[in-house]
Amino acid sequence: AVLWAGFGLHTCALAAAWLETGALPALSLRQSLDVFSWALMGATLMVNLRLEIMILGALTAPLCALLLMAAAVLPLPSAPPSAMLKSTWIVIHVLSLLAGYGLLALTCLSGGLYLVQDSLIRKKRLGALFKRLPALSRLDALGQQALLAGFCLLTVGLITGAAYAQITLGSYWRWHPKEVWSLVTWLCYAALLHTRLVQG
């Protein structure tokens, strides 16, 4: 209930910032950390509704709090957003990427929990921690579903970013380090997903 209340207040704060500037409040590092923490908590709450893996909240809540504290000490944007940054393409691009990052972070956390659970079973240490962890099958389902959804959102983010670059800069691809590493990341997740679907 506390996480839902915090998520609701965070949503209201982001909506107010969006209305105030007319642009998505994710155009600086400070704002991006803010929106990423919102996306991560939203993904956690949605997963809890679907799979009831409550322990995720104990991992993501401190992480979101750290992200928000880091964002709080960073400087605010010095200039108002330009008209270019108020484009629908930017909104879709940024929101899909940050939501995808939130789901892929859950993939990482579920993988970590899976390894902990598997290690406890192999060592036959079935203590208090073991009883709080969900079954391996549920962690596996979470990893698969979060990976697939996160990868789809990452793909949408890359496509809309390329389309927006073509509209504003006249080129889909400029070999900028951010573009290159985004593609490398996408290829890594594509290989992971392919292996998962083919090998099981």
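## Overall layout

The protein chain has 7 helices and 0 strands. Read along the sequence, the order is α-α-α-α-α-α-α. The model is predicted, and local features are reported for residues with pLDDT of at least 70. Taken along the principal axes, the C-alpha atoms of the protein chain fill a box of roughly 60 × 40 × 25 Å. The protein chain has 200 residues, of which 34% count as buried.

## How the helices pack

Helix α4 covers residues 88-122 and packs against α6 at an angle of about 155 degrees, their axes being 7 Å apart. The two are therefore roughly antiparallel, since angles over 145 degrees are classed that way. The crossing in which α4 passes α6 is left-handed.

Helix α6 also packs with α2. Helix α2 spans residues 29-51, and its axis lies 12 Å from that of α6, at an angle of about 130 degrees. That angle makes α2 oblique to α6. The crossing of α2 and α6 is right-handed.

The axes of α3 and α4 come within 11 Å of each other and cross at roughly 125 degrees. The pair is therefore oblique. As for its hand, the crossing of α3 and α4 is right-handed.

## Salt bridges

A search of the whole structure finds 3 salt bridges.

| Residue | Partner | N to O distance |
|---|---|---|
| Arginine 122 | Aspartate 118 | 2.7 Å |
| Aspartate 140 | Arginine 196 | 2.9 Å |
| Glutamate 179 | Arginine 174 | 3.7 Å |

Arginine 122 counts as exposed, because its relative accessibility is 65% and the cut-off for exposed is over 50%.

Aspartate 140 and arginine 196 form a salt bridge with the closest N and O atoms 2.9 Å apart. This pair links distant parts of the chain: aspartate 140 is in helix α6 and arginine 196 is in helix α7, 56 residues apart. Aspartate 140 is partly exposed, at 30% relative accessibility. Arginine 196 is likewise partly exposed, with a relative accessible area of 26%.

In the remaining bridge, the side chains of glutamate 179 and arginine 174 meet at 3.7 Å, N to O. Is glutamate 179 buried or exposed? With a relative accessible area of 15%, glutamate 179 is buried, because the limit for buried is under 20%. Arginine 174 is partly exposed, its relative accessible area being 45%.

## A nonpolar patch on the surface

Which residues form a nonpolar patch on the surface? They are Tyr172, Trp173, Trp175, Leu183 and Leu187, and together they have about 580 Å² of accessible area. One of these residues, tryptophan 175, sits in the loop between α6 (136-169) and α7 (177-199). Tryptophan 175 counts as exposed, with 65% relative accessibility.

Cysteine 64 is located in helix α3, which runs over residues 55-73. The relative accessible area of cysteine 64 is 6%, so the residue is buried. From cysteine 64 to leucine 45 the separation is 19 residues in sequence and 13 Å in space, C-alpha to C-alpha.

Leucine 3 lies in helix α1, residues 2-21. Leucine 3 is partly exposed, having a relative accessible area of 29%. Leucine 3 and leucine 148 are 145 residues apart in sequence, and their C-alpha atoms are 25 Å apart in space.

Conventions: Residues are numbered from 1 along each chain as its sequence is written. This is a predicted model: local features need pLDDT of at least 70, side-chain atom pairs count only at pLDDT 80 or more; totals for chains, interfaces and linings use all residues. Side-chain values use heavy atoms; hydrogens and water are left out. Patches are made of residues with over 30% relative accessible area and no salt bridge: like charges are joined within 9 Å, nonpolar side chains (Val, Leu, Ile, Met, Phe, Trp, Tyr) within 5 Å. Accessible areas come from the Shrake-Rupley method with a 1.4 Å probe; for residues, only the protein chains shown count as cover. A salt bridge is a side-chain nitrogen of Lys or Arg within 4 Å of a carboxyl oxygen of Asp or Glu. Helices (H or I, at least four residues) and strands (E, at least two) are DSSP runs, numbered from the N terminus. Buried means under 20% relative accessible area, exposed over 50%, partly exposed in between (1.4 Å probe, protein chains only). Axes are lines fitted to C-alpha atoms, for helices over the stretch in contact, and angles run from 0 to 180 degrees between N-to-C directions. Angles under 35 degrees count as roughly parallel, over 145 as roughly antiparallel, 65 to 115 as roughly perpendicular and the rest as oblique. A crossing is left-handed if the near helix is turned anticlockwise from the far one by less than a right angle, and right-handed if clockwise.
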